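Below is a colleague's note on a single-chain model. Please read the points with the structure open.

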Amino acid sequence: MNFFFAALGVLGVASSGPLIAATLGATSVSALAIAFWRNAIGAAVMASPTLVRDPSQFRRITRREFRWSLLAAVALALHFACFITSLQLTSVAAATALVCLQSAWIAVFQLIRGTRHRWQVLAGLGIAFGGVVAITGFDMGTSPRAVTGDLLAVAGGALAGLYTLAGGRARQSMTTGTYTTLCYGMCAALVAVLALVAGQPLAGFEPAGWLGIAAITVCAQLVGHTAFNHLLATMSPLIVSMIILLEIPGAALLAAVFLQETLPAGTYAGLGLILAGLAVVVLGQRNGRRRTGSRTHPPGEEPPSERLAELGTD
């Protein structure tokens, strides 16, 4: 059963990039419309159980929880704006790999804040960012447009890291349903403002466009992330983190099959470096947390915020 949910989760998150690229390329749907609807629908879905079981949870949100949730929502809104736009400029494989640097950016932010990481984490960061240099270097030889897309995807990964860190602080005292409803809802509102400023429509699309939005929301937002949330209750967060990294080759494979996307050999080498580097970063972080976390938590258990940090955003 765990294998089924793992395969479902990987397929869900890996389909995000190809589905978004296909929807943007074949319909009149705008990038910010995709970001708006997947968050608005996600907020509605996540709010339903809480409203049925204990609606008073929303009245008990503190100022601290609201501030961290707002920071997470701002970072998530800007993340979606960068990532989805990057899919219009560079390859799906490159954009997905670069935005998946989220784990590496979290380690960098922790370094800036004075956290001491094991040498494996530092080595993994070097390998992963070496992959970034390889991808952007090869794209520089093809077109400035692709390089711009690469840089937007890198920014999207950094914003995803900030979103995860802020969400982890909010989740220290908030339930999953309350936090995700508040965060996704505020993110949708912020994206709506961005769309108004940028002049991007949020409605009025053809049926194929709405079908694409529905597919992205169901596959990436609901099925993919729900499957990984289920696995966190039955499997080690380390194993779940490693499974999520399969999103990188999974997206590349789906883009090659369904979008006929072909890449230079050097770009594939960069994808491999990012995948290997992130694997080393995750292993190094998890080993460090296991030793320090055992002082305050039972063996094999972690605070909810640590579990949340294992999940991606796309």
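The points that follow go from the overall fold to helix contacts and then to single residues.

1. Overall content. The model is predicted, not experimental. Its secondary structure comes to 14 helices and zero strands, so the pattern along the sequence is α repeated from end to end, α-α-α-α-α-α-α-α-α-α-α-α-α-α, by the run assignment used here. The chain has 314 residues, and 52% of them count as buried. Among contacts with a separation of 6 or more, 84% join residues 24 or more positions apart.

2. An unreviewed UniProt entry gives residues 1–21 as "signal peptide". In the model that span is 90% helix and 0% strand, with 31 Å between its end C-alpha atoms. Helix α2, residues 16–26, is the helix that holds T23.

3. The unreviewed UniProt entry lists "transmembrane region" at residues 68–87, 93–112, 119–140, 146–166, 178–198, 210–231, 238–259 and 265–284. Two of these spans can be set against the model. Residues 68–87 are 95% helix and 0% strand, and their end C-alpha atoms are 29 Å apart. For residues 146–166 the figures are 100% helix and 0% strand, with the end C-alpha atoms 30 Å apart.

4. The α4 and α8 pair. How do helix α4 and helix α8 cross? Helix α4 covers residues 63–86 and helix α8 residues 144–170; their axes come within 7 Å and cross at roughly 160°. Because angles over 145 degrees count as roughly antiparallel, α4 is roughly antiparallel to α8. The crossing of α4 and α8 is left-handed. The residues of this contact divide into 16 nonpolar, seven polar and three charged.

5. The α5 and α8 pair. Helix α5, residues 92–99, also has its axis within 7 Å of that of α8, and the two cross at roughly 30°. The cut-off for roughly parallel is an angle under 35 degrees, and α5 and α8 are therefore roughly parallel to each other. Their crossing is right-handed. On the α5 side the contact involves A94, A95, L98 and V99; on the α8 side it involves D150, A153, V154, G156 and G157. By class, the residues of the contact of α5 with α8 are six nonpolar, two polar and one charged.

6. Helix α6 and what follows. Helix α6 runs over residues 102–112, and its buried residues are Q102, A104, W105, I106, A107, V108 and Q110. Just after α6, G114 has a positive phi of about 100°.

7. T23. With neighbours within four places in sequence left aside, T23 is in contact with V29, I34, G209, G212 and I216.

8. L271 in α13. L271 is placed in helix α13, which spans residues 265–293. The relative accessible area of L271 is 6%, so L271 is buried. Beyond the neighbours within four places in sequence, L271 is in contact with A93, A94, A97, I135, I248, A252 and L263. One of these, A94, is also among the α5 residues that meet α8. The C-alpha atoms of L271 and A134 are 8.6 Å apart, while the two residues are 137 positions apart along the chain.

9. T267 in α13. T267 is also found in helix α13. T267 is buried, with a relative accessible area of 1%. Its contacts, leaving aside neighbours within four places in sequence, are I135 and F138. I135 is listed among the contacts of L271 as well.

10. Q260. Which non-glycine residue has a positive phi of about 55°? That residue is Q260, which lies in the loop between α12 (247–258) and α13 (265–293). Q260 is exposed, with a relative accessible area of 58%.

How values were computed:
Residues numbered from 1 in each chain as written. Predicted model: local features only at pLDDT ≥ 70, side-chain atom pairs only at ≥ 80, totals over all residues. Heavy atoms only, no water. Axes fitted to C-alpha atoms, helices over the stretch in contact; angles between N-to-C directions. Helix = DSSP H or I, 4+ residues; strand = E, 2+ residues; numbered from the N terminus. Parallel < 35°, antiparallel > 145°, perpendicular 65-115°, else oblique. Left-handed = near helix turned anticlockwise from the far one by under 90°. Nonpolar A, V, L, I, M, F, W, Y, C, P; charged D, E, K, R; others polar. UniProt positions renumbered as here; feature names shortened; annotations may be inferred. Contact = heavy atoms within 4.5 Å. Buried < 20%, exposed > 50% of the residue type's maximum accessible area, 1.4 Å probe, protein only.
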